[in-house]
Amino acid sequence: MKMIIGGNWIDKEEKIDVRNPYDNSLVDTVPRGRAEDVKHAIEIAVKGYEINRNLPVHERISILKKTAKLMQERFEDLAKTIATEGSKTIREARKEVGRAINTITISAEEARRINGETIPFDSAEGSENRVGYYYRFPIGIIGAITPFNDPLNLVAHKLGPAIAGGNSIVLKPATVTPLSALKLGECLLDAGLPPEILSIVTGYGSEIGDALVTDERIRMISFTGGVEAGEEIAKKAGLKKIGMELGSNSPVIVLDDCNIDEAVESCVSGAFWAVGQNCIGVQRIYIQKNIYESFRDKFVERTKKYKTGYQLDEDTDMGPMITEKEAIRVIDWINDAKEKGAVVLTGGTRQGTLVQPTVLENVPPEAKIDCQEIFGPVVSLYKVDTLEEAVKKSNAVNYGLHGAIFTNNLNNAFYAIKNMDVGGIMVNDSTDYRVDLMPFGGVKKSGLGREGIRYALEEMTEPKVVCFNL
Ligand code: NAP
């Protein structure tokens, strides 16, 4: 595919291969964009902002609704694109397409709820004759940068609210998975989006990232990705808004008063969804001691049933990791934990990019996997005496995106809700739960700000105060 700049499909002599991570076969190529392409896209986005801020809200709504309709018509092609350029199985990819359609639909709905409010100016002495209000106006040009693991829906989470709010956007999708983003861009253009409003520049973050992040015409960087890149971007961005959706190593607490079978089923799915390449994937499970063995044995038995293989086969439960380099890193981390005393209960091996779903126990605090983000199909089980101990250990990391607790005791649930340092807590569900309209984001190194359409819209618009002196 070509990249989209101001509605034109632009090619370049230099290309980047898009490969299927399962067998490294060539899926397509995209142009290797350079800093000058980003600059050109920003120049067009300046006009795009003028166009979108003046576009009546009902027109933005109808473009977004039509986009959702086109996505529905192209459903299977979008799902195959996700499952061919990326790691997800076709079943996981279909779920992502459904969610992305929902994200764009909710963006259309939220566009009519960008409300302000009246301000009680006369509450201040001397302002008795003032009346007024604030309304929200678009922030300007948004630079969006997205990761590989949800290559369609995480792009929809930036484009939908940005367009609904009256902004223009320059998007840089992940280099390994640019096709899903380009196809969403195509849907938006086909739905009648004025072409100056959206550009999608393909290229390496290391080569074109700075041109986007440091440009003063960009008023907000909306980034989803790893902590390392997030910190680098935050340092370089200068005086502009930043939204950061970063990583985590999500903890789940399993208490002896819960339904163990339900907890096992939910945690296995949460640990291995998208090959564990999931910012809210289950990584650490703290299990109360008197049910530890029972939970562990059921968990391992269920994990062993997982079928790893080709993403497009309907019966594959878990596809390949995104690159062989990533698969090798995951095995290195498992070996690091083993050398430090961890026991592999199942998995721990790989063939090319296929890493077997892996369950560890006795993981010591010195192991990387204990406190960093594995971003692979590996989960560690820990035996704990009390809820208090589990919460303390859950919090003993630099991340805090989602946490979860399985319990049928309300007091235990509320203790965890109050004391777990996270952006969202699931009760009787794994950390891998999200609907697209909820406020989503983390504390500590898991991020800054919130997404989830309405909340992204707040970040992507600003209040303007209007005051009449009567
Ligand atoms: P990544 O390596 O940080 O890359 C994310 C995006 O940033 C890519 O488009 C990448 O471009 C770009 N990039 C990298 N360095 C850059 C720089 N210096 N300047 C500008 N852009 C730069 O992350 P990933 O491996 O794709 O995704 C995995 C990470 O994303 C995990 O940590 C995961 O937890 C996190 N994530 C968070 C959420 C959330 O909502 N909280 C959701 C999904 C994923 P290239 O592709 O060209 O390198």
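How much area do domain 1 and domain 2 bury between them, and what share of it is on carbon and sulfur atoms? Domain 1 and domain 2 bury about 2400 Å² between them, and 54% of this area is on carbon and sulfur atoms, where buried area is the accessible area (1.4 Å probe) that two parts lose on being put together, summed over both. The size of an interface is often given in this way, as the accessible area lost when the parts come together.

The model is a predicted one, in which local features need pLDDT of at least 70 and side-chain atom pairs count only at pLDDT 80 or more, whereas totals for chains, interfaces and linings use all residues. Residues are numbered from 1 along each chain as its sequence is written, and side-chain values use heavy atoms, with hydrogens and water left out.

**The two domains**

The domain assignment of the chain, with bounds that come from an automatic or database assignment, gives domain 1 as 3-246 + 446-469 and domain 2 as 250-435. Their C-alpha centres lie 31 Å apart, and the contact (heavy atoms within 4.5 Å) takes 29 residues from domain 1 and 30 residues from domain 2.

Between domain 1 and domain 2 there are 16 residue pairs in polar contact, both residues being at pLDDT 80 or more; a polar contact is a pair of N or O atoms within 3.5 Å, and within protein one must be able to donate a hydrogen and the other to accept it, while residues adjacent in sequence count only if both atoms are side-chain atoms. On the side of domain 1 that touches domain 2, helix H3 (75-85), helix H4 (90-111) and helix H5 (153-164) each supply at least two residues, helices being DSSP runs of H or I with at least four residues and strands runs of E with at least two, numbered from the N terminus. The largest share of that side, 6 residues, comes from H4.

**Salt bridges**

The structure holds 37 salt bridges, each a side-chain nitrogen of Lys or Arg within 4 Å of a carboxyl oxygen of Asp or Glu. The side chains of Asp-436 and Arg-99 form one of them, at 2.9 Å from N to O. Asp-436 lies in the loop between S20 and S21 and Arg-99 in helix H4, so this pair ties together parts that are 337 residues apart in sequence. The count between domain 1 and domain 2 is 2 salt bridges, and a salt bridge also joins the side chains of Arg-91 and Asp-317 (3.1 Å, N to O).

**The ligand**

The ligand is surrounded by 29 residues, and the closest are Thr-146, Thr-175, Gly-205, Leu-246 and Glu-373, a residue being counted if one of its heavy atoms lies within 4 Å.

| Residue | Part of the residue | Distance to an oxygen atom of the ligand |
|---|---|---|
| Thr-175 | N or O atom in the side chain | 2.4 Å |
| Glu-373 | polar side-chain atom | 2.6 Å |
| Gly-225 | polar backbone atom | 3.3 Å |
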